[in-house]
Amino acid sequence: MANRPGVRARFTLWYGCALIVTVLFVSGGIYFFVKQALMGQVESHLRKDVATINEYVKNDPGNLAKVAAHGPILLFRVSDALQSIVISENWNREGLEMTIPASIKSGELLSFQVANGKRYRALSSSTEQRKHTYQIVVAHEEESVHQSLNSLAIIILLILPLAIAISLVVGYFIAGRVLEPIRVITGKASGIGAENLSERLPVGDGDDDEFSRLAVVFNQTFARLEDSFTRLRRFTADAAHELRTPLAAIRSIGETALHAPEDQVNSREVIGSILEESDRLRHLVDALLILSRADSGDIRLHQETVDLSDITMETVDLLNVLAEEKRQTITLTSSGKVMVQIDPTTVRQALTNILDNAIKYAPAESTIYVTVGTRSAREVFVEIQDCGCGIPDEEIGRIFDRFYRVDKGRSREYGGAGLGLSISKWAVENNGGWIEVESTINQGSLFRVVFIG
């Protein structure tokens with residue numbers, strides 16, 4: 001398969017074709033209008049000659065013979081009942097009598113060519129005088145008109161190749177100037193890779209320029225890619241770090257038990273510790289798998305109209321055991337049935353993660369308030385409020401980042417990996433909702449999950 005011409009070559013060809021069509025159109029128009037103007041002059045001259053001969057026929061027929069012999073009208077014929085009365089000398093000399101029919105109609109314009117190759121144009125007219133009908137035929141040569149038109153056609157044909165050549169050269173030059181920003185963008189973009197995504201393409205001075213907008217779009221794409229790569233690197237590093245911790249704990253427990261004297265080894269305690277760390281590792285791997293599937297779009301939501309109060313009550317019942325271990329009380333308040341179209345499984349997971357965080361960070365023997373209701377004609381919500389340590393204002397915007405923990409030491413002690421809120425945010429947003437956070441240091445936090453009802 002032949003290589004397709006480049007953009008510059010195609011631009012040049014299109015520009016050249018457009019200019020050639022324009023030149024042909026203009027040249028044809030010029031030729032047509034010049035021809036009409038020249039023929040108009042000939043016809044105007046014929047009408048003046050007819051009017052002059054007509055005046056002689058009316059007022060001075062005796063001098064027609066003198067006009068025929070000495071001019072100023074060189075080619076004319078006056079006849080009566082198809083019989084020639086007066087014929088100019090040039091009329092006979094040029095052989096017009098043998099060429100122009102005697103029955104030419106009055107007012108008719110006729111172009112013809114005589115035996116010697118010359119071209120003429122004739123105009124006929126009739127007039128009645130003294131009970132006679134006279135026919136007047138006047139002719140004028142067209143040779144000069146055709147010579148002028150032929151000269152014009154030759155000039156056009158000579159100029160056309162030059163115009164084509166100039167149009168191709170100019171088109172190639174213009175294409176190069178127009179496509180220069182593309183060359184610069186291509187050269188710069190080809191040098192940007194995963195290791196230098198922070199570099200950006202040059203943007204022209206005019207923001208309304210198409211190439212400037214193209215560069216801006218590419219820069220925005222590179223910025224998103226850079227952010228994705230940064231998040232991926234951080235995610236990979238954090239995941240490796242989180243996985244290393246329970247694995248190191250399991251190895252440490254095993255080595256300690258292995259090197260301890262046989263009579264001092266408590267097998268149940270060792271196995272329990274290993275199972276505890278394995279369980280933490282399993283939760284971490286499950287969370288990573290959920291986020292990985294969410295990022296790749298493998299999780300399919302099955303939305304249906306459900307009662308948000310029922311889902312919230314199920315979540316509270318599920319986690320009541322954890323709250324009872326810390327002698328906490330979960331108070332659920334609902335305004336009745338709150339119907340909303342969501343995927344129950346993912347929303348239940350989101351509420352479970354948020355309520356689990358509230359239980360972890362709320363002090364023992366405290367109360368956690370869970371409220372389900374509506375706050376406008378279309379918005380429904382679930383509020384989970386605790387009286388824990390709170391979240392600093394500068395940290396609120398980062399708590400949904402993966403592996404991010406406000407208090408890293410305490411979070412690891414509680415078994416958290418900093419993925420629960422990330423999963424909750426993904427679940428809520430993919431069901432068309434959002435999460436609002438209000439928090440005061442040493443007074444507690446309020447998480448509000450809002451859906452469009």
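In the predicted model, a salt bridge joins the side chains of Arg 93 and Glu 89, with a nitrogen-to-oxygen distance of 3.9 Å. Both residues belong to helix H3, which covers residues 89–93. Their positions are 4 residues apart, about one turn of the helix. Arg 93 counts as exposed, at 55% relative accessibility, whereas Glu 89 is partly exposed at 43%. The pair is one of 14 salt bridges found in a search of the whole structure.

Glu 429 is partly exposed, with a relative accessible area of 42%. Lys 425 likewise counts as partly exposed, at 31% relative accessibility.

Glu 142 and Arg 121 also form a salt bridge, in which the closest N and O atoms lie 3.7 Å from each other. Glu 142 is placed in the loop between strand S5 (132–141) and helix H4 (143–190), and Arg 121 in strand S4 (residues 119–129), so the pair ties together parts that are 21 residues apart in sequence. Glu 142 is buried, with a relative accessible area of 3%. Arg 121 counts as buried as well, at 13% relative accessibility; both values fall under the 20% limit for a buried residue.

Salt bridges also link Arg 375, Glu 379, Glu 383, Glu 436, Glu 438 and Arg 448 in a network. Side chains of opposite charge can pair when their charged atoms come close.

Phe 25, Val 26 and Ile 30 make a nonpolar surface patch of about 320 Å². Of these residues, Phe 25 is located in helix H1, which runs over residues 7–59. Phe 25 is exposed, and its relative accessible area is 66%.

The count of aromatic pairs comes to 1. This pair is formed by Phe 32 and Phe 33 in an edge-to-face arrangement, with the ring centres 5.5 Å apart and an angle of 75° between the planes. The angle qualifies as edge-to-face because it is over 60 degrees. Phe 32 counts as partly exposed, at 46% relative accessibility, while Phe 33 is exposed, with a relative accessible area of 58%.

A disulfide is a covalent bond between the sulfur atoms of two cysteines. The count of disulfides in the model is 0. Cys 17 counts as partly exposed, at 44% relative accessibility. Cys 389 is likewise partly exposed, with a value of 33%.

Arg 327 has a phi near 55°, a positive value in a residue other than glycine. Arg 327 is situated in the loop between H7 and strand S7 (329–334). At 51% relative accessibility, Arg 327 counts as exposed, the limit for this class being over 50%. A positive phi, of about 60°, is also found at Glu 365, which is not a glycine. Glu 365 lies in the loop between H8 and S9. Glu 365 counts as exposed, at 57% relative accessibility.

Technical notes. Residues numbered from 1 in each chain as written. Predicted model: local features only at pLDDT ≥ 70, side-chain atom pairs only at ≥ 80, totals over all residues. Heavy atoms only, no water. Salt bridge = Lys/Arg side-chain N within 4 Å of Asp/Glu carboxyl O. Helix = DSSP H or I, 4+ residues; strand = E, 2+ residues; numbered from the N terminus. Buried < 20%, exposed > 50% of the residue type's maximum accessible area, 1.4 Å probe, protein only. Phe/Tyr/Trp six-rings, centres within 6.5 Å; stacked < 30°, edge-to-face > 60°. Disulfide = S-S within 2.5 Å. Patch = residues over 30% accessible without salt bridge, like charges linked within 9 Å, V, L, I, M, F, W, Y side chains within 5 Å. Areas by Shrake-Rupley, 256 points an atom, 1.4 Å probe, with all protein chains shown as cover.
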